[in-house]
Amino acid sequence: MITIDRLSKRFDRRAVLDELTLSIDAGDRIALIGSNGAGKTTLFRCLLGHYGHEGRVGFDGSAGQRRDAGALARVAFVPQLPPPLRMPVGELLTFAEKGAGADPALMRDIAGKMGIDLDEVKKRPFYRLSGGQKQKILVTVALGRNADLMIFDEPSANLDPAARAVFIDLLAARTDASMLIASHRLEEVAPLVNRVIEMDRGRVVLDDSVADRLRAGDFRRAEIEISAPHEPFARALEGWGFVTDASGLRFSGPVPAAETFRFLGVLARHGSLIERLSLEEVPQAAPEKVN
Ligand SMILES: Nc1ncnc2c1ncn2[C@@H]1O[C@H](COP(=O)(O)OP(=O)(O)OP(=O)(O)O)[C@@H](O)[C@H]1O
């Protein structure tokens with residue numbers, strides 16, 4: 001989908017990206033981690049054609065320096081710092097609809113889930129919203145689009161805990177798009193991703209992919225015991241196709257290899273309940289139902 005070959009970017013002769021090489025494939029959901037100043041935002045800006053650079057960035061096999069407008073139209077981007085747009089929110093949403101194909105009904109639904117009533121804010125200039133409200137509107141626009149790749153730069157930094165949880169659930173539901181998410185909260189985005197890339201001083205220092213160890217189609221079998229019956233936990237595991245015994249305390253079921261992080265994220269939300277957990281690899285086996 002995207003091939004990055006020896007990408008370098010200097011500011012005042014200081015290398016911020018240093019011959020960075022990486023490829024992003026369709027279906028990749030990547031957490032991009034790294035300390036402040038590692039170069040994550042600069043990488044996004046180079047990918048999106050906002051900055052000139054050395055090296056090559058190719059979308060879908062093309063390897064030009066200039067981004068093809070058609071390719072970029074399939075990328076949704078939520079920046080770390082919202083731009084100081086003076087236009088009213090309503091105008092921004094219309095722009096997203098007419099210019100980027102965002103679905104108004106979907107945007108209304110997403111905004112509502114994150115606690116924003118679009119009718120209430122539509123006349124307000126975007127730049128006058130609070131930091132969290134701006135981020136919610138930008139996330140609404142990004143998720144309202146039918147993008148192939150979504151790039152989020154610290155997407156939940158300004159969100160309150162409730163909105164953050166909703167946001168993570170909304171991202172988890174978007175299994176159709178590839179994602180590249182820069183975050184300092186790996187534990188938060190881990191449930192969403194199947195690949196973790198760490199940057200340090202403009203280079204990739206770790207690229208860990210669940211799919212490298214377990215092939216697509218592989219499964220793990222999870223056995224879980226909880227301390228007391230818990231309806232929301234049982235419902236969550238039911239959604240994963242787990243079965244429970246008569247006591248309501250023991251659960252077992254298959255976890256697709258590529259979904260391991262997301263599964264562990266679901267468990268983490270109920271961490272205090274869990275007495276015992278085992279997660280065994282079952283390579284090359286289709287999931288069998290446990291009765
Ligand atoms: N427009 C610019 N002009 C000069 N230096 C810049 C510019 N943009 C970024 N830098 C520098 O490049 C380095 C990398 O910045 P970048 O924003 O890419 O890091 P980051 O990994 O996203 O960090 P953070 O986790 O703090 O968001 C920093 O030292 C920053 O000061």
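1. Let us start with a term: a residue is near a molecule or strand if its C-beta atom, placed from the backbone, lies within 6 Å of it. With that in mind, the residues around the ligand are Phe 11, Val 16, Gly 34, Asn 36, Gly 37, Ala 38, Gly 39, Lys 40, Thr 41, Thr 42 and Gln 80.

2. Please keep in mind that this is a predicted model, where local features need pLDDT of at least 70 and side-chain atom pairs count only at pLDDT 80 or more, while totals for chains, interfaces and linings use all residues. Residues are numbered from 1 along each chain as its sequence is written.

3. Which helix gives the most to the shell around the ligand? Helix α1 (residues 40-47) does, with 3 residues; helices are DSSP runs (H or I, at least four residues), numbered from the N terminus. The shell divides by class into 3 nonpolar, 7 polar and 1 charged residues (Ala, Val, Leu, Ile, Met, Phe, Trp, Tyr, Cys and Pro count as nonpolar, Asp, Glu, Lys and Arg as charged, and the others, Gly among them, as polar).

4. Now look at the domains: the assignment gives domain 1 (2-209) and domain 2 (219-281), with bounds from an automatic or database domain assignment. Their C-alpha centres are 31 Å apart.

5. How many residues of domain 1 are in contact with domain 2? There are 6, and they meet 6 residues of domain 2; contact requires C-beta atoms, placed from the backbone, to lie within 7 Å. On the domain 1 side, the touching residues comprise 5 nonpolar, 1 polar and no charged ones.

Note on methods
Helices (H or I, at least four residues) and strands (E, at least two) are DSSP runs, numbered from the N terminus. Two residues are in contact if their C-beta atoms, placed from the backbone, lie within 7 Å.
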